[in-house]
Amino acid sequence: GPLSGRLLMDVRLGELPAWLSTCDFSPQGLLGGVQKAWSSYYDKYINVKRGGPAGISMLLAGYCLLSYGWNYQHISKISFLVSL
Amino acid sequence: VLYATRPLHTTQQCLAPVPPLPEKGGEVRYGLIPEELFQFLYPKTGVTGPYMLGTGLLLYLLSKEIYVINHETVAGACVIGVLIYGIKKYGADVAAFADKLSEEKIARALAVKNESIKALETAIEQEKKEQWRVDGRGYLFDAKRNNVAMMLETNYRERLLTVYNEVKKRLDYQVAMQNLKRQKEQDHMIQWVEKNVVQSITPQQQKDSIAKCILDLKALSKSAQAAV
């Protein structure tokens, strides 16, 4: 099919720059993309009849990783490590 | 045939009925890693591929000190241990409780739906009964017509009786008048005759009649004595 209509998983590695160029990077486009990603995740893991711990645990794990990444500078400082 | 002002349900997107929710969510291994990763890596690396990837990644992070071991590591490990223990022990109960809540909600909605369906069905039956009753209006009107005819007849006979009574009263009056007149005439005539007769009896006639009576009486007494 057309390059712009495909999802990321269906794009081959060589076509990645071309696919990126067709993406919509305006604020509305980004917001729409975020909304689509969240709604697809929500419908797949949380909005089901019998879900398990997977839905929120992945969100919490992602939050942990993100916060670790944001605080890495502070954590890796020698003054912080010595004070423990 | 349904008459509507605008076309209904012609487009693809239709809000009702809402498609049901999927039974289970996407498959996730160890609660964190979706199955898609394992399927993605299976053709190239087989079953152990993702595990090797995970181990290698972990060792790399630890050795390069991208992930530093500090007090938070211990705290995190404890928290994760407690979480896993809690989920393993009480997961089923919580799931059953949530299922029960959802079940109750669905049952309430279904009950409302069934109630309204039953109410509408009873309404339909009553409507049919009313329609059946309407068919009996012929009998009703016949009865009413009979009633009216009877009332007319009664009224007619009452008035007939009144007429009869009135006429009889008038005729009785005439008859009574005639009787009275005749009686009055009779009485008057008798009186008048008596008066005249009494007047015509002069004293001379009275004496003569008395003498004749005495003679008659004597003759009678003689004949009576002779008979005895």
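How are α1(B) and α2(B) oriented to each other? The points below take up this question first and then turn to the interface between the chains.

1. The structure is a predicted model. In chain B, the axes of helix α1 (residues 35-45) and helix α2 (residues 49-63) cross at roughly 100° and come within 8 Å. Angles of 65 to 115 degrees count as roughly perpendicular, and α1(B) and α2(B) are therefore roughly perpendicular to each other.

2. On the side of α1(B), the contact between these two helices is made by B:Phe38, B:Leu41 and B:Thr45. On the side of α2(B), B:Gly49, B:Pro50, B:Tyr51 and B:Leu53 take part. By residue type, the contact of α1(B) with α2(B) comprises five nonpolar residues, two polar residues and no charged ones.

3. Between the chains, 17 residues of chain A are in contact with 21 residues of chain B. The area buried between chain A and chain B is about 1,800 Å², and carbon and sulfur atoms give 60% of this area. Of the area that chain A buries against chain B, 29% is supplied by A:Lys49, A:Arg50 and A:Tyr68, which is more than any other three residues supply.

4. Eight residue pairs are in polar contact across the interface of chain A and chain B, with both residues at pLDDT 80 or more. Three helices of chain A, namely α2 (27-46), α3 (54-70) and α4 (72-75), each supply at least two residues of the side that touches chain B. The largest share of that side, five residues, comes from α3(A). In composition, the side of chain A that touches chain B has 11 nonpolar, two polar and four charged residues.

5. Over all chains, the structure holds 12 salt bridges. Across the interface of chain A and chain B there are three salt bridges. In one salt bridge, A:Lys49 pairs with B:Glu23, and the closest N and O atoms are 3.3 Å apart.

6. A:Arg50 forms a salt bridge with B:Asp99, in which the closest N and O atoms lie 3.5 Å apart. This pair crosses between chains: A:Arg50 is in the loop between α2 and α3 of chain A, while B:Asp99 is in helix α3 (residues 71-134) of chain B.

7. A:Lys49 and A:Arg50 belong to the three residues that supply 29% of the area chain A buries against chain B. A:Lys49 also forms a salt bridge with B:Glu23, and A:Arg50 forms a salt bridge with B:Asp99.

Conventions: Residues are numbered from 1 along each chain as its sequence is written. Chains are lettered from A and ligands numbered from 1 in the order in which they are written. This is a predicted model: local features need pLDDT of at least 70, side-chain atom pairs count only at pLDDT 80 or more; totals for chains, interfaces and linings use all residues. Side-chain values use heavy atoms; hydrogens and water are left out. Contact means heavy atoms within 4.5 Å. Buried area is the accessible area (1.4 Å probe) that two parts lose on being put together, summed over both. A salt bridge is a side-chain nitrogen of Lys or Arg within 4 Å of a carboxyl oxygen of Asp or Glu. A polar contact is a pair of N or O atoms within 3.5 Å; within protein, one must be able to donate a hydrogen and the other to accept it, and residues adjacent in sequence count only if both atoms are side-chain atoms. Helices (H or I, at least four residues) and strands (E, at least two) are DSSP runs, numbered from the N terminus. Ala, Val, Leu, Ile, Met, Phe, Trp, Tyr, Cys and Pro count as nonpolar, Asp, Glu, Lys and Arg as charged, and the others, Gly among them, as polar. Axes are lines fitted to C-alpha atoms, for helices over the stretch in contact, and angles run from 0 to 180 degrees between N-to-C directions. Angles under 35 degrees count as roughly parallel, over 145 as roughly antiparallel, 65 to 115 as roughly perpendicular and the rest as oblique.
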